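Here is a quick tour of a model, for anyone who likes to have the coordinates open while reading. Have a look at it before going on.

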2 protein chains.
Amino acid sequence: MKRHILKGNICTSGDTNEIKIYKNSFLVCIDGICRGIFEKVPSEYCGIEITDYGDMIIIPGMSDLHVHASQYAYRGTGMDMELLDWLEINAFPEEGRFSDMEYAACAYDIFADDLLKTPTTRLCAFATVHKDATLYLMEALEKRGFHGYAGKVNMDRNCPDYLREKDVSCTEEWIKECSTVNIRPAVTPRFIPSCTDSMMEELGRLCEKYNLPVQSHISENKSEIELVHSLCDVEFYAQGYDRYGLLNDRTVMAHCIYSSDEELALMKERGVFIAHCPESNMNIASGIAPVRKYIDSGQKVGLASDVAGGSDLSLFGAMTHALRCSGMYWRLVDESSRPLTFEEVFYMATKGGGSFFGKTGSFEAGYDFDAVVLDDSNMCHPRQLSVRQRLEKIIYLSDSRNIHAKYICGNRVL
Amino acid sequence: MKRHILKGNICTSGDTNEIKIYKNSFLVCIDGICRGIFEKVPSEYCGIEITDYGDMIIIPGMSDLHVHASQYAYRGTGMDMELLDWLEINAFPEEGRFSDMEYAACAYDIFADDLLKTPTTRLCAFATVHKDATLYLMEALEKRGFHGYAGKVNMDRNCPDYLREKDVSCTEEWIKECSTVNIRPAVTPRFIPSCTDSMMEELGRLCEKYNLPVQSHISENKSEIELVHSLCDVEFYAQGYDRYGLLNDRTVMAHCIYSSDEELALMKERGVFIAHCPESNMNIASGIAPVRKYIDSGQKVGLASDVAGGSDLSLFGAMTHALRCSGMYWRLVDESSRPLTFEEVFYMATKGGGSFFGKTGSFEAGYDFDAVVLDDSNMCHPRQLSVRQRLEKIIYLSDSRNIHAKYICGNRVL
């Protein structure tokens, strides 16, 4: 049995409205599972080695519900256009490079190395249409200790020839060849504009046959939605996925900025997770998702970097952008929509999004032991701050230097 | 005569729509003044020592047109309220601490040290109502090589007793005692809600008597504007400053989110600079300033961190937030308002805002030699990027590690 105990200032979400703070407390991990937070080490755990992080802050690992690993190389460039042009000009040419395994290996190693230095422990990653490169990504992530899903992208229309597939045969090969244990395959239609009905039908079949989760995009951009309606006979966007069995409680859909009430009702009924991508939504001027409405109506919602629509690979950035976005939504769109709170975005980044992966994102007993140790000793202050203030400051102001250690399922990965 | 030459990849704004890029070129500085950018060192400058920054990128120093030095300690906390509550709950209690010189010295040293690690070379800083602490801030900034203005804040209403002044006598003492050469005093009424007409009148008199610039806030928040109208008999906010001679071409006003056409026309006529504070405007949900309109109508406009409404002391953050804000303004408020471009926000952060301080923010011959050397060698890429792409990426993704060197008026300060 692998057993260890961490000591520090422990912060974890109670419900969406509360961050519980335990100063100088002990976090017990047995075989990768959290046994809870204790003021003193209970007698049954005496003798287990304690790693004392002193005055540092320990938070649950964070879940990035939507990130394009294959776009990492051009993050922070070319933000001066909207989605459809942005795909054409930035995304597709870059993704085309992943037919070259040497390039893919280099790019994915950089992505996975940089991801280690963020608070992310779990992720849903998009690769490209290329099977071998996607397998490489999965191994690169697994080797570094990450858990989650990665997807070989599917496209058979509205994309350059060098990315267009005939059918899902290569995808099925990819599913069969996946040998990683902690990074598992997710069925990944890019979005309806780039997948014909027949491809969607085949993907639904694979999903059922291999019992796989699904990740895709929905209702991100107004022109995209018009395009969907010109391509499909649907009342609303989500129907284009649902009719092929692609919406269920193991589906995560990015964006939902312009989802109608009918679309939201269907997604809630199916148990679909929403990946809120605030930085991306601002960068490529898609709009602002009404997250307050999603939370209040009981939709499952987590946060996402959406690199490279988002530039920041850290979920801390997604948290502060989500706060700003919700403030702007309240101010400019709907004054009845109360802005999100810090507690709520912390919940979304940890326990909220984490529940897509099972019992992760919390330090309650029985949860997977994913933890991030934050060292803010390089942030000088003229006076003493509370742990809550320090946590907020770290979320707003930290960089990779402040990520002192990271554990995934009890294994120290950084 | 102090002479030196820097070599590297040099980027500087042409006009608002262009960033000129000179690969592997030479930047000549004689006595703190830039003599221009050269492909080869001209014969007249032969023999001057060359500092070779290799493949690094050299940009002009940036100007932060509005920053509350006294609020730096609580940046990145307490963002869950609007302006007037935020002042009451966060700003005033913190500013009250600056009556204690020991606290003030510690806080201002941290601020000035951290500012060194940003691209800022010039600034307009708010202190507090305290004379001695303000003098300390000015010395702390000057000692580290900065140029610009700092202001002892004035308040005689709508503030706690511990910050309320009777008159401007202490401010006049402060002006007389200022001995710093490169950090000069600016008359600093907090804003109309906290300054009576009689105080404004006195400040106008000081401004004229000592030939001083002015910095303040205007049209930031809807409740603030209502308060102004309940306190003053004005048609629009700016009149409350203008009637006391406080609006001229040495005035910088932060925000202008809700400025009417009449207000903008008056500010343009007077030559007032607008400090656009996008992160702050989002954080405390003030709204989004229509910066496209300001640029197109020829208003003078620069960027500002507005710490602690803004959390990020770096103008790089202000640049990317300005881009996001303008995209959201276009998307949510006015579809005829084209989003800002990267070129435009680079201009605003350098030459645009820099012109408040004279000939600064450009590498044209005759400009003050303020330069920032950027080292992006820790950002791994799977392929070669252009200098323009690297610059954009640094602006989006860098932190203090990437600020390799900084020069102000020819002096290396970092």
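## Ground rules

This is a predicted model, so to speak of local features pLDDT has to be at least 70, side-chain atom pairs count only at pLDDT 80 or more, and totals for chains, interfaces and linings use all residues. Residues are numbered from 1 along each chain as its sequence is written, chains are lettered from A and ligands numbered from 1 in the order in which they are written, and side-chain values use heavy atoms, with hydrogens and water left out.

## How the two chains pair

Chain A brings 48 residues to the contact and chain B brings 48 residues, where contact means heavy atoms within 4.5 Å. About 4,100 Å² is buried between chain A and chain B, with carbon and sulfur atoms giving 59% of that. Buried area here is the accessible area (1.4 Å probe) that two parts lose on being put together, summed over both. On the chain A side, A:R331, A:P382 and A:R383 lose the most area to chain B, together 15% of what that side buries.

## Salt bridges

A salt bridge here is a side-chain nitrogen of Lys or Arg within 4 Å of a carboxyl oxygen of Asp or Glu. Over all chains the count comes to 60, and between chain A and chain B it is 8. The side chains of A:R383 and B:E94 meet in a salt bridge at 2.6 Å, N to O.

Within chain A, A:D370 pairs with A:R122, the closest N and O atoms being 2.6 Å apart. That pair links distant parts of the chain: A:D370 is in the loop between α12 (342-354) and β15 (371-374), A:R122 is in strand β6 (residues 120-126), and they are 248 residues apart. Helices (H or I, at least four residues) and strands (E, at least two) are DSSP runs, numbered from the N terminus.

## Two crossing helices

In chain B, helix α11 (residues 315-332) packs against helix α13 (residues 387-397) at about 95 degrees, with axes 7 Å apart. That makes α11(B) roughly perpendicular to α13(B), a label for angles of 65 to 115 degrees. Axes are lines fitted to C-alpha atoms over the stretch in contact, and angles run from 0 to 180 degrees between N-to-C directions.

From α11(B), B:F316, B:M319, B:T320, B:L323 and B:R324 meet B:I394, B:I395 and B:Y396 of α13(B).

The peptide bond from A:V307 to A:A308 is cis, with omega near 10 degrees, and A:A308 lies in the loop between β14 (300-303) and α11 (315-332) of chain A. A:N24, in strand β2 (residues 19-30) of chain A, has a positive phi of about 45 degrees although it is not a glycine.

Conventions. Parallel < 35°, antiparallel > 145°, perpendicular 65-115°, else oblique.
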